[in-house]
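Let's take a walk through this fold, going from a loop to a helix and then on to the aromatic rings. Keep the viewer open as you read.

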Amino acid sequence: MKNPLKILLLILTLVSCKNKTESKSELNKVTAELTEEIPQMELQQTNSISEQWNFMVFDKGGCLGGTQYVTEKKREIPTMVFSETEWKKFAKNDKTELTEFLISKLSDTTKTKVHTCPFFGATNGEMAVYSLQHIHNINWLEFSEFEEYKDRKYGNATDQPQMWLQNILKDETERNKLAELYRNELKK
C-alpha cells in the first residue's frame with residue numbers, strides 16, 4: 001500500500017456512496033477502524049531490511065539534528081531520525097545482517113531525504129555510517145585509524161565532519177578500512 005491515505009479515501013467514498021442512510025457516528029467508527037489498519041498494512045510491506053531502509057532514508061527522511069553521533073548521554077528527541085519508530089524497528093533486526101547491509105551501502109553517494117544540521121543532506125553511504133554508529137555504539141572518528149578527525153577543528157561548511165566522512169567514503173581503501181572496523185565490532 002504505497003498510498004494508504006488514498007486507499008482510505010477511496011474506501012470512505014465507497015462506504016458513503018453505498019449507504020447514505022448510515023449515521024455520522026457509524027461512519028466515524030468505520031473511519032477509525034480503517035485508520036487503525038493502515039499502519040499494520042505499512043508494517044507488513046516494510047518487513048525486509050532493505051525496504052525499511054529505503055522507507056526511512058528515501059521516502060520519509062528527516063533531520064539528524066546532531067544525533068548522528070553516539071554520545072554517553074542518549075538523547076531522545078522524537079522529531080529526530082534516530083528517535084523515530086521506524087529507526088527503532090530497523091535497529092531490532094539481526095545485528096550481523098544490519099552491519100553487512102549497511103556496509104554494502106558505504107560507497108553509495110545517492111542523496112537521501114535525511115538532513116544533517118546545520119549542513120547538507122546525507123548521502124546513502126553516510127547514513128549507513130551513522131546507523132552503524134548507533135548499532136555498534138561507536139562513532140567512526142573514535143576508531144584509532146580515524147582519530148586524527150576526532151579533535152580536528154572545523155574550517156568551514158566544506159571542512160567539517162560530514163564532508164570528512166564523505167571524503168573517506170569516496171576513497172576505496174579508507175572505506176574498506178571503515179567497513180572492516182565495523183565488522184570487527186561484531187566479534188566483541
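Thr109 counts as exposed, because its relative accessibility comes out at 53%. This is a predicted model, by the way. You'll find Thr109 in the loop between α5 (95–103) and β2 (111–115). Have a look at what sits across from Thr109: its C-alpha atom and that of Asn124 are separated by 5.9 Å, although the two residues are 15 apart along the chain.

Asn124 brings us to helix α6, which covers residues 124–136. How many of the residues of α6 are buried? The count is 13 of 13, so this helix is mostly covered, given that buried means under 20% relative accessible area. Just after the helix, Asn137 takes a positive phi of about 60°.

Inside α6, pick out Gln133. Its relative accessible area is 0%, which means that Gln133 is buried. What does its polar side chain find there? A polar atom of the Gln133 side chain lies 2.6 Å from the backbone oxygen of Gln68. Leaving aside neighbours within four places in sequence, Gln133 is also in contact with several other residues, including Tyr69, Val70, Trp140 and Tyr182.

Tyr69 turns up again when we switch to rings. A search of the whole structure finds 10 aromatic pairs. In one of them, Tyr69 and Tyr130 have ring centres 5.9 Å apart and planes at 70°, so the pair is edge-to-face. Tyr130 belongs to α6, while Tyr69 lies in the loop between β1 (62–63) and α4 (85–91), so the pair ties together parts that are 61 residues apart in sequence. Tyr130 counts as buried because its relative accessibility is 0%.

Now compare that with Tyr154 and Trp164. Their ring centres are 6.0 Å apart and the planes make an angle of 75°, so this pair is edge-to-face as well. Tyr154 lies in the loop between α6 and α7 (161–170) and Trp164 in helix α7, so here the linked parts are 10 residues apart in sequence. Are the two partners buried or exposed? Tyr154 counts as exposed, because its relative accessibility is 53%, whereas Trp164, at 5%, counts as buried.

The loop between α6 and α7 also holds Gln160. With a relative accessibility of 1%, Gln160 counts as buried. Its side chain makes two polar contacts with backbone atoms: a polar atom of the Gln160 side chain lies 2.9 Å from the backbone oxygen of Ala157, and the side chain reaches the backbone nitrogen of Gln162 at 2.8 Å. Leaving aside neighbours within four places in sequence, Gln160 is in contact with Phe119, Phe120 and Tyr154, and Tyr154 is the exposed tyrosine from the pair above.

Trp53, Phe82, Trp87, Phe90 and Phe101 form one aromatic cluster. Then there's a charge to look for: the charged end of Lys177 sits over the ring of Phe146, 5.5 Å from the ring centre.

Note on methods. Residues numbered from 1 in each chain as written. Predicted model: local features only at pLDDT ≥ 70, side-chain atom pairs only at ≥ 80, totals over all residues. Heavy atoms only, no water. Phe/Tyr/Trp six-rings, centres within 6.5 Å; stacked < 30°, edge-to-face > 60°. Helix = DSSP H or I, 4+ residues; strand = E, 2+ residues; numbered from the N terminus. Buried < 20%, exposed > 50% of the residue type's maximum accessible area, 1.4 Å probe, protein only. Lys NZ or Arg CZ within 6 Å of the ring centre and 35° of its normal. Polar contact = N/O pair within 3.5 Å; in protein donor to acceptor, adjacent residues only side chain to side chain. Contact = heavy atoms within 4.5 Å.
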